[in-house]
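Thanks for coming. Please have the sequence and the model open while I talk.

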Amino acid sequence: MRTILITGQGGSGRTTVAAATALDAARAGTRTLVLSADRTDGLGAALATATGPEPVRVAPHLTAWRPDAAAGFREDLVAFQERAASVLDLLGAGRLDAEELTPLPGAEELALLRALRDAALSEAYDLLVVDLPPAPQALALLGLPEELRRYLRRLLPPERQAARALRPVLGRLAGVPMPAEWLYETAARWDVELAAVAAIVEDPGTSVRLVAEPGPAGADHIRLARVGLALRALPVDLLIANRVLPQGTHDTWLAGLVAQQRKALEEWQEQGEARPVRGVGHLGRDPRGLDDLAALGVPGTGDAPARVVWPVTDNLADEGVLVWHIPLPGAIRDELDLIRRGDELVVTAGQFRRIVPLPSALRRCTVDGAALREGSLRIRFAPDPQLWPRTR
């Protein structure tokens, strides 16, 4: 299954591009679902069809869905209260009714992840087009499954379940009910659900499509987005320059904007900000309805680009080190930071951070230095004599 994640500059028309991309694929006969997490129905406005908590058929082969974050939040919290009833009663806690619950910040993003998982597992679609928030929020959202799974493994290690036979005894000795059993069961269920979402994000058929208006602000957003996506090893298949004004205008004010857009487009092409770059013209109005979306002429889905790899090269014979190459196009040297924590490496690039496990060979090494060259972070690892296999 092909999945296209659409993000980019805030206010650049991402939702419209997502709707037009989905429509183009559906008209080619591809069973397509377009997902959005916006509280306001921007997706429905672009499609001229209201969207909501239930998937709605917009056109042949095209379905739109805007999951209800409030409903999912209420169901999860009510279920949690039922499972934790003994502990809550012991503490004298008052139960919350479903009618009085309102979603917390971030509930929309979690609802979107759950909908993405359900859509992928349903096998009802050949293409998923996901309208994500602006790049910084989208990157935090895409990294959430990996980070939550790491938190669960640290807070509730699976190996601790080996002592489950002792829990009734411990409960009697302590005189209070022991919630460990249901807690571990809940953690295991969450881990499975998060793993399913992470598998979609990491699937070879998943890529990111960036949307920005050509200009200084759009260029800044694209550079930041590329750094964050590279840190997540997510491939970018297209940079869509949206709302491109027509050439040859005689209006002095518009001529300045046209020149600015042309300069930005040339720089994106020359500097390789994200290739290929495709322009989508300005209709002179906000696109509304299927005819307007088709008139935009957005690029087709195409094939997913190759996944981003972080190779380890063997320079032991020449320099006595192994080198881990992490592609970070657009990164700035002064904004990079590395911390080794056991078998993990904490990589910070500007406002983005990721904790990644070290490849097995590098776990027996010590960090010997790092350098940023030609858009690639190269980290040198020297074998630890106490851990590295010795040869005669």
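Helix α9, residues 216-231, lies across β12 and β13 and runs at about 15° to β13. Helices here are DSSP runs of H or I with at least four residues, strands are runs of E with at least two, and both are numbered from the N terminus. Angles run from 0 to 180 degrees between N-to-C directions, with axes as lines fitted to C-alpha atoms, for helices over the stretch in contact.

Before I go on: this is a predicted model, where local features need pLDDT of at least 70 and side-chain atom pairs count only at pLDDT 80 or more, while totals for chains, interfaces and linings use all residues. Residues are numbered from 1 along each chain as its sequence is written, and side-chain values use heavy atoms, without hydrogens and water.

Now the sheet. It is open, with three strands in the order β11-β12-β13 and antiparallel pairing. Pairing takes at least two DSSP bridges between two strands. From one strand to the next, the twist averages 15°. Helix α6, residues 135-155, also packs on this sheet; α6 touches β11, β12 and β13, and its direction makes about 35° with that of β13. Contact means heavy atoms within 4.5 Å.

Strand β12, residues 344-349, pairs with β13 over six bridges. Thr 348 has Arg 353 in β13 as its bridge partner.

Last, strand β10, residues 321-327. Val 312 has Trp 324 in β10 as its bridge partner.
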